[in-house]
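Subject: Structure handover

Hello,

Here is the structure I said I would pass on. My notes on it follow below the display.

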Amino acid sequence: MSERGAGADLTRAEWQTELFSECPRLWELLKLQAGWPLKTIILRVHRNHAFELVATMMASYAAFGGWAAQFIYSDYSDALDFSKMSRAADAELIWLDRLRYEGLDDLEMVRWLSLRLSQLRGVSTAPIIVMLSFASSSMELDLQRAVDGIAACYIAGMSETAQKLGDDFFDTRLESLGGTKLSRSALTDVAREIACKWVPGAVFPPIKAVALDLDNTLYSGVLGEDGREGIDLTPGHKELQGYLHGLPKRGVFLALVSRNQRRDVEELFTVREDFPISWTDFSATRIGWTDKADSLLEISRQLRISFDAILYVDDNPGELASVAMRLPGLQTLHARPDPFETLRGLEYYPGLWRWRYGKDDRLRTHDLKASQARSALLAETVSEEDYFSLLNVHLQLALDPMSRLARLSELSRKTNQFNVALGRIPEAQMARYMSSCDSAVVGAYLKDRLSDSGLIFMMVVKRLGKDLAIEELCISCRALGRQLEAVMIGQALALAQRKLKGRRVYCRWRKGPRNQPALEWLEKASGQPLESSEGLCALKFLGPPVRPPGVTVSLLEGGYDAK
Amino acid sequence: MTQNELERMVVETFSLVMKRSLGLGEEVLRFREAAWTSLKHVELILALEQKFDFQFTEEEMVELKSLSDIRDKVAKHLLQPTRSPHERTLAR
């Protein structure tokens with residue numbers, strides 16, 4: 001998502017009421033024109049009914065998220081012909097009216113469509129999003145099961161919109177003139193889902209943390225003036241807090257940034273048992289009188305994430321504009337006087353909704369707490385051996401773990417610090433690396449006495465003549481600072497060598513705004529400074545794979561079961 | 001709502017949908033307006049229906065061939081509220 005100026009954040013705050021109202025008004029949506037730079041996302045639409053009305057309604061939602069869609073339309077075809085695709089797209093949208101396949105029952109339709117999607121996957125590496133109008137929820141589920149083996153292929157829940165709108169989902173008047181049976185309400189609803197959830201969930205890096213202001217954001221009132229019993233948890237604030245309480249289980253950190261007395265805030269969360277959100281839900285807190293931009297920077301440091309992966313929610317638009325000016329790229333949402341509006345703004349905030357939530361997401365918040373205990377242990381122990389022995393570190397490696405495709409691609413797309421080439425590899429491309437005999441993908445899982453960090457390492461190695469090249473190497477920030485980077489890289493490379501048997505090892509690299517930790521490692525391993533913006537260099541100081549005493553290493557056959 | 005207010009609201013909606021500025025009282029004929037495609041026609045109808053809270057019949061949708069047609073039809077609906085297609089189906 002593109003960076004905006006502070007003025008843009010104020011405009012976006014003004015837009016929220018219309019964009020996230022229960023029933024957005026079409027003519028008001030058309031008035032919203034972005035005055036900030038938008039990233040172009042190319043969407044190819046394979047369709048058998050009209051999509052153009054959805055495209056019009058999507059524009060303001062996409063602009064809110066910092067992007068604009070450029071559409072490539074297929075001809076109208078029930079057969080889904082993928083033979084005329086000449087240029088790459090960022091996402092493939094399948095937009096079908098189920099009612100046009102009267103001759104196929106649900107089972108036949110699932111079988112036919114999954115075969116077509118499999119064929120599409122063969123010719124495009126972009127995420128595929130399938131939107132079937134007038135299909136039942138059970139058919140959507142069956143289709144999702146049928147395409148589970150197809151990388152980055154997602155079945156959107158159109159039936160949910162149909163259920164929500166009832167008779168208002170369709171409007172047969174529009175069929176002859178508008179080329180679709182969907183009603184205005186359905187088209188608006190689906191446009192919002194596509195622009196705020198379905199496309200960003202497949203294409204953009206996810207939001208990793210939500211940082212919250214306290215007064216008039218999580219409740220109505222001001223703690224310092226109304227006191228902990230005087231502030232009002234309205235039904236809307238209760239629902240908003242309930243939603244936020246669920247985010248850490250989905251792998252999204254919660255942080256608190258408030259101008260208050262720390263003791264008052266801690267007591268508030270102890271005393272107010274009616275609050276769905278609890279003090280322990282926050283992975284980082286900055287309470288005091290310091291500048292909020294400084295507080296957010298400190299939060300990003302504590303959470304080990306970049307500040308542009310944080311969504312900051314505050315009821316004061318001036319505060320939002322001020323932090324946006326200091327931290328361009330930070331995501332912001334205005335906490336509205338009506339908390340239900342804020343809730344819908346969060347539910348639809350681009351990048352916060354994800355297609356899948358896995359074990360690695362659930363581990364994230366626990367892992368951060370463990371890392372603080374680990375740092376304390378490192379400060380206390382005298383030797384590296386003692387440190388590893390006390391932690392009981394276990395590293396598991398997997399070669400080409402196809403079952404973890406989504407997580408490996410996510411690591412490539414999300415990791416900013418220890419990411420050597422910033423390749424941002426889509427799932428379909430990752431699957432190709434795994435199935436080719438000229439490349440290998442190694443994943444590594446890390447566990448110790450304090451936490452199970454899950455899959456935190458990914459390396460893609462390709463054959464380069466008689467040599468090998470590391471095409472991508474990512475280590476999650478959750479695993480950094482444990483003195484294990486060199487161990488993981490050495491062990492992973494040894495495993496890739498088993499498959500590819502290369503002579504020398506090279507590494508591809510590209511400088512980004514935040515991948516200094518990875519480049520520092522590469523400078524040491526290559527023995528040369530990395531002066532240009534990207535390149536390929538030979539690794540000279542790797543040596544044999546190391547395994548420090550106290551660290552156990554094992555090989556997982558056939559990947560790792562995340563369930 | 002006065003005639004002037006109605007005219008202003010119709011013109012504003014038309015301008016937003018067709019992405020072109022338009023003066024009050026100005027006539028626009030569909031066959032002369034390149035941007036007035038069938039999809040833009042539907043978009044305009046949907047925006048007007050939501051703004052004025054009524055529904056055109058399918059026949060009316062086809063009959064709207066100029067801005068003055070639209071203004072007249074909107075005025076007629078506002079004077080004589082009609083049932084939506086769903087309501088008509090239910091009433092039958």
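In this predicted model, helix 4 (residues 106–123) of chain A and helix 5 (residues 137–146) of chain A have axes that come within 10 Å of each other and cross at roughly 35°. The crossing of these two helices of chain A is right-handed. From helix 4 of chain A, the residues taking part are Asp106(A), Met109(A), Val110(A), Leu113(A) and Ser114(A). Their partners in helix 5 of chain A are Met139(A), Asp142(A), Leu143(A) and Ala146(A). By class, the residues of this contact between helix 4 and helix 5 of chain A come to six nonpolar, one polar and two charged.

Next, the layout of chain A. The chain is divided into domain 1 (38–203), domain 2 (209–347) and domain 3 (362–556). Between the C-alpha centres of domain 1 and domain 2 of chain A there are 35 Å.

As for confidence, chain A has a mean pLDDT of 90, and 97% of its residues reach 70 or more. Residues 559–563 of chain A are a stretch where the pLDDT is below 50; in the model this stretch has 14 contacts beyond near neighbours in sequence. Where pLDDT is low, predicted coordinates should not be read in detail. Please keep that in mind when you look at the contacts of residues 559–563 of chain A.

Chain B has 92 residues, and buried residues make up 24% of them. Of the contacts in chain B between residues at least 6 apart in sequence, 56% join residues at least 24 apart.

Last, the two chains together. Where they meet, 16 residues of chain B are in contact with 15 residues of chain A. On the chain B side, the elements that give two or more residues are helix 1 (3–18), helix 2 (38–52), helix 3 (58–63) and helix 5 (85–91) of chain B. Which of these elements gives the largest share of the side of chain B that touches chain A? It is helix 2 of chain B, with nine residues. Sorted by class, the side of chain B that touches chain A holds eight nonpolar, five polar and three charged residues.

Regards

Terms used. Residues numbered from 1 in each chain as written. Chains lettered and ligands numbered in written order. Predicted model: local features only at pLDDT ≥ 70, side-chain atom pairs only at ≥ 80, totals over all residues. pLDDT = per-residue confidence, 0-100. Contact = placed C-beta atoms within 7 Å. Helix = DSSP H or I, 4+ residues; strand = E, 2+ residues; numbered from the N terminus. Nonpolar A, V, L, I, M, F, W, Y, C, P; charged D, E, K, R; others polar. Domains from an automatic or database assignment. Buried ≥ 20, exposed ≤ 12 C-beta atoms within 10 Å, placed from the backbone. Axes fitted to C-alpha atoms, helices over the stretch in contact; angles between N-to-C directions. Left-handed = near helix turned anticlockwise from the far one by under 90°.
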